[in-house]
Every structure is written in C-alpha cells, then in structure tokens.
Amino acid sequence: FVEAALASHAVQREEARLFEEIAAAIQAIRKTHKILWRRCGNIEPRFYFAGLLAATRLDDRDWELFAKKYVPVDRLDSRVEALLLQHLPSAGDVQLERWNFATLVFAYNGFAEVGTPEGLRIYEFGCFANHSCDPSAVCRHSLRNDSVAFFATRSLNPGDEITFNYLGHSGAPMEQRRRELWNWNFLCTCPKCEKEAEQAQELVQA
C-alpha cells in the first residue's frame, strides 16, 4: 500500500539556525546534566528539532492522529526540553509536554527521509507496522510526493501482518540486531531471532 506523510520535517535553509541551536544546546546539556540525559534516552538533535516543529505547527486534526503513535511512558519527561528552551531564543512559545511527546513520537516512529539525514516522516498507518528480521514487506520512500509504499516480499493472505525491517538489513548476527533494535525500546523476538537463539542455546548445551 501507499501512504502520504502525516508529518514531514527536514532542516530547511530558513530553519538551519534553529537546528544548529538545538544541536549546540544538547552538546552543553550532555556535559552538565549527564544523569538526566541518560535518563531521557540520549535522543539525537534531529528528533528534538522535528518534535519542536510538530508541537508548534500541526493543526488539531493532525495532532489528534499524531498523538495516537507509540511512545514509552517511562520516557515522558520534559526536563530536557525545558533546558533546551533556555538556549533557544528563536523557538518561540511552546508547550514543553507537547514538545516532549512529539520528540518521542519521532524517536520511536519516525521514518528517515532519503537524501536528508536530519529529515523525518510520520505516517498515520505505516508507523503501526511492526519490525521483523524476516519481514513480509519492504518500504520505499518517494520524495516527489512525500509518501511511503510497502511492497510484499512474499505472498500474503488477507489478515497476514505487514512487517518490515527497521534496520534496513538482516544480515548481521542476532545479538547485533537486538542491540541496534533496542533503540526502539524492545527485544526482538521475531521468528528469525527466536530460531537463531534456539540454535545458539543448542550449541552451548552440546
């Protein structure tokens, strides 16, 4: 299926200064508030940037859809955003809790925008697709019409789950994949990982 983006944020020329201010402020916060920074998940500047734009620019209808996305409840903590705001004279008026929630939405649901490393997109339905190291689909982005398309990698029947590989690859060893996937706050138990875990256990017991 094909879906247009609900929210799409890349660093445009006129917003470059704001992104640079966020990146510089985060560098300072990492040094002066190390415990808080680790507690809040070591989130990259691009997620705070995209979250700020979403928190201040989405209309009520789009925000209602945006707010249905997954965020880990234990990461709902706007203290980093409060510190950032002290360093951002160009940020304007923003609700800290809304900014924090939007940042987490992008961190745990955002699709990277091809060709623009800082760009992120949120999709109404695509963001609900689960990960698998042996996925039933691959996703492809289109910059031309700001959309994502999912293509089946095998025959699917009505009711079969559409999954894709969050990492974009599946050739790495299971332990490496699981470490990388922990960025999304879960331990992968897809059929491929479970099979490899069983095989590893059998080797230990042999």
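**Leu 65 and its chain**

Q: In which helix is the place of Leu 65?
A: Helices here are DSSP runs of H or I with at least four residues, strands are E runs of at least two, and both are numbered from the N terminus. The run that spans residues 60–66 holds Leu 65, and that run is helix H4. This is a predicted model, in which local features need pLDDT of at least 70, side-chain atom pairs count only at pLDDT 80 or more, and totals for chains, interfaces and linings use all residues. Residues are numbered from 1 along each chain as its sequence is written, and side-chain values use heavy atoms, with hydrogens and water left out. The element asked for is helix H4.

Q: Does Leu 65 count as buried or exposed?
A: Buried means under 20% relative accessible area, exposed over 50%, and partly exposed in between (1.4 Å probe, protein chains only). Leu 65 has 13% relative accessibility, so this residue counts as buried.

Q: Which residues is Leu 65 in contact with, leaving aside its neighbours within four places in sequence?
A: Contact means heavy atoms within 4.5 Å. With neighbours within four places in sequence left aside, the partners of Leu 65 are Leu 6 and Glu 124.

Q: How many Å apart in space are Leu 65 and Gln 205?
A: In sequence, Leu 65 and Gln 205 are 140 residues apart. The C-alpha atoms of the protein chain fill a box of roughly 60 × 40 × 30 Å along the principal axes. From C-alpha to C-alpha, the two residues are apart by 49 Å.
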